[in-house]
Amino acid sequence: FRKVYANGIRPRSNAGWALEIALDVEWAHAIAPAAKIVLVEAPSNSFSDLLNAVDIAVFQGASVVSMSWGGSEFSSESSYDFHFTAGGVTFTASAGDSGNGGEYPAASPYVISVGGTTLQVDTAGKYIETAWSGSGGGISSYETQPLYQATYGMPNNPNSKRGIPDVAYDGDPNSGFPVY
């Protein structure tokens, strides 16, 4: 594990961001214990600082860039998609924590959008996984539907826009994983 401050500037302490960082780093290590994890911290939550941190991660040699941040979609967002097109790099982003609706960069067709589920165990010990009501998701207002989604078709998508999320994992704080 190595930590890098984007542009050499250490960000101010923020408990919410610290929790997101801990969750991502701990579970990346749990899923891939031999992975070389580089945490790139942006000096602020400004869009330009966050995208700069993404670029620094790619420059540092990342093969996967995990982004637990996002914001409301905007009409010119596709002009920023080039940040997620580096060859040999997989980009993932949170679909959001605010229920229905898309977020950027998860809405980018070059990013794997990750939603949240709720995981429960019934009295017989069987796992039941359902969509978490707090997970973001929906149809992008601006991004074009990628080929892998167009192949299968999406209901209620007359303009062929990108649907999110692509995948989901237990993200409900009430059923999720411990974070230290």
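User: Let's start with Glu73: where is Glu73 found?

Analyst: Glu73 sits in the loop between strand 4 and strand 5. Strands here are DSSP runs of E with at least two residues, helices are runs of H or I with at least four, and both are numbered from the N terminus. The model is predicted, so local features need pLDDT of at least 70 and side-chain atom pairs pLDDT 80 or more, while totals for chains, interfaces and linings use all residues. Residues are numbered from 1 along each chain as its sequence is written, and side-chain values use heavy atoms, leaving out hydrogens and water.

User: Which side chain of opposite charge is nearest to Glu73?

Analyst: First, the terms. Buried means under 20% relative accessible area, exposed over 50%, and partly exposed in between, with a 1.4 Å probe and protein chains only. Lys and Arg count as positive, Asp and Glu as negative, and His and the chain ends are not counted. A salt bridge needs a side-chain nitrogen of Lys or Arg within 4 Å of a carboxyl oxygen of Asp or Glu. Here, Glu73 is buried without a salt bridge, and the nearest opposite charge, on Arg162, is 8.2 Å away. Contact means heavy atoms within 4.5 Å; beyond four places in sequence, the contacts of Glu73 include Tyr104, Ser141 and Tyr142.

User: How do I read an aromatic pair, say Phe74 and Tyr104?

Analyst: A pair of aromatic rings is described by the distance of the centres and the angle of the planes. Rings of Phe, Tyr and Trp (its six-membered ring) pair if their centres lie within 6.5 Å; planes under 30 degrees apart are stacked, over 60 edge-to-face, the rest tilted. The count is eight aromatic pairs. For Phe74 and Tyr104, the centres are 5.6 Å apart and the planes at 70 degrees, so the pair is edge-to-face. Because Phe74 lies in the loop between strand 4 and strand 5 and Tyr104 in strand 6, the pair ties together parts 30 residues apart in sequence.
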